[in-house]
Amino acid sequence: MRKLSPLLIAVMISLILCGFSDAAERRSLLKPTGTTKGAKQGMKTYYTGRFAIDLPAEFQLEIQSQKIRYAEVFDFKWKERDRAKERESLWEQKLAKIKKLQLPKGRKQIIIEEKHLKGIGNWAKAVEYYGDQYAPNCVYWKILVDYGNVGIFLTLDGEDNNLSIRNFTNILTHYQYGLDNLTKDSFCLNHGRIELPYLEHERTYARFAGPMGMKLGIHMNETHEVEEVGLLDSFTASLAMNFAPGVDVDKIRASKRTVAGLPGEELVTRMTEDGDTDLYFAWKYQGQEDSGEHPEIRMSIQECPDGELDEKLKIWDAVLDSFRPACRR
């Protein structure tokens with residue numbers, strides 16, 4: 001079945017949800033193993049940033065990324081028994097990509113310095129380089145750390161080297177393997193967490209592929225200014241201005257809905273264009289200014305094939321009802 005036109009998707013959905021940014025650079029290594037403590041039977045718990053969610057077993061994580069205090073962080077399980085060999089191979093792959101970057105004007109070489117770091121994990125290596133051809137004064141850091149059970153990659157940029165070093169050292173020395181006994185300061189990655197309270201610049205994104213063509217996206221982002229126009233107002237305005245002529249919109253749900261104690265708005269619609277129909281599910285919480293416990297949160301299932309609406313609504317409701325702070329079982 002032909003999907004609805006890109007114009008419709010861009011206008012009707014992007015206007016409502018503001019889109020999921022930075023999705024192209026995400027990674028997908030986490031594979032859940034069994035029902036986690038706190039999840040209902042047949043559901044599996046996933047952690048992302050300072051929140052957790054339970055999903056039916058049919059859902060599989062496709063993409064996940066996290067940023068904390070301006071640093072992009074990603075932890076992973078080692079694949080080989082010989083960790084020294086594997087980490088050197090991974091490191092050489094990262095260096096090869098860095099060396100292909102466009103050199104900023106006035107700089108003679110991409111890589112500034114490569115060195116081992118002491119006091120971080122069992123083994124840590126860092127490379128300092130120019131990562132933006134249009135910002136010759138911006139220095140990037142790429143760091144690989146071996147913690148034993150897992151490895152972690154961290155990427156950070158800035159113009160103050162001393163500040164960057166203090167920042168990534170603080171983040172990496174507060175990493176703990178495992179997702180049990182989480183606290184209110186736990187910022188969760190794939191296999192562990194960083195035990196630091198919110199300071200600034202936290203972002204998370206995850207996308208899951210589920211049954212019946214369902215694709216669930218979850219995006220959380222700190223906000224410095226709460227939007228005045230909510231999800232439902234945006235939807236009403238887009239219809240009133242007739243942004244997508246020739247498209248029939250059947251409003252299935254459109255109301256306030258509290259999730260995890262957060263007062264948000266829910267929208268479920270069926271959109272038809274030239275006989276082709278898709279379902280869209282969305283929930284949005286506008287957040288509070290400069291808060292880690294109350295970031296802007298957007299959850300959606302977009303371009304879901306029409307049909308089996310009752311079953312999909314049951315899954316959607318169960319997913320929203322399970323969403324909660326990570327430290328709460």
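## Ground rules

Since the model is predicted, local features need pLDDT of at least 70 and side-chain atom pairs count only at pLDDT 80 or more, while totals for chains, interfaces and linings use all residues. Residues are numbered from 1 along each chain as its sequence is written, and side-chain values use heavy atoms, with hydrogens and water left out.

## A three-stranded sheet

Here's an open sheet of 3 strands, ordered β9-β11-β10 with antiparallel pairing. Strands are DSSP runs of E, at least two residues, and helices are runs of H or I, at least four, all numbered from the N terminus; two strands pair if DSSP finds at least two bridges between them. On the edges sit β9 (175-177) and β10 (186-188), each pairing on one side only.

β10 runs antiparallel to β11 (residues 192-195) over 3 bridges. Ser 186 has Glu 195 in β11 as its bridge partner.

## Aromatic pairs

The count comes to 9 aromatic pairs. Rings of Phe, Tyr and Trp (its six-membered ring) pair if their centres lie within 6.5 Å; planes under 30 degrees apart are stacked, over 60 edge-to-face, and the rest tilted. Tyr 46 and Phe 208 are edge-to-face, at 4.8 Å centre to centre and 70 degrees between the planes. They sit 162 residues apart, Tyr 46 in β1 and Phe 208 in β12.

Phe 51 and Phe 323 have ring centres 5.0 Å apart and planes at 5 degrees, so this pair is stacked. Phe 51 lies in β2 and Phe 323 in the loop between α5 and β18, so the pair ties together parts 272 residues apart in sequence.
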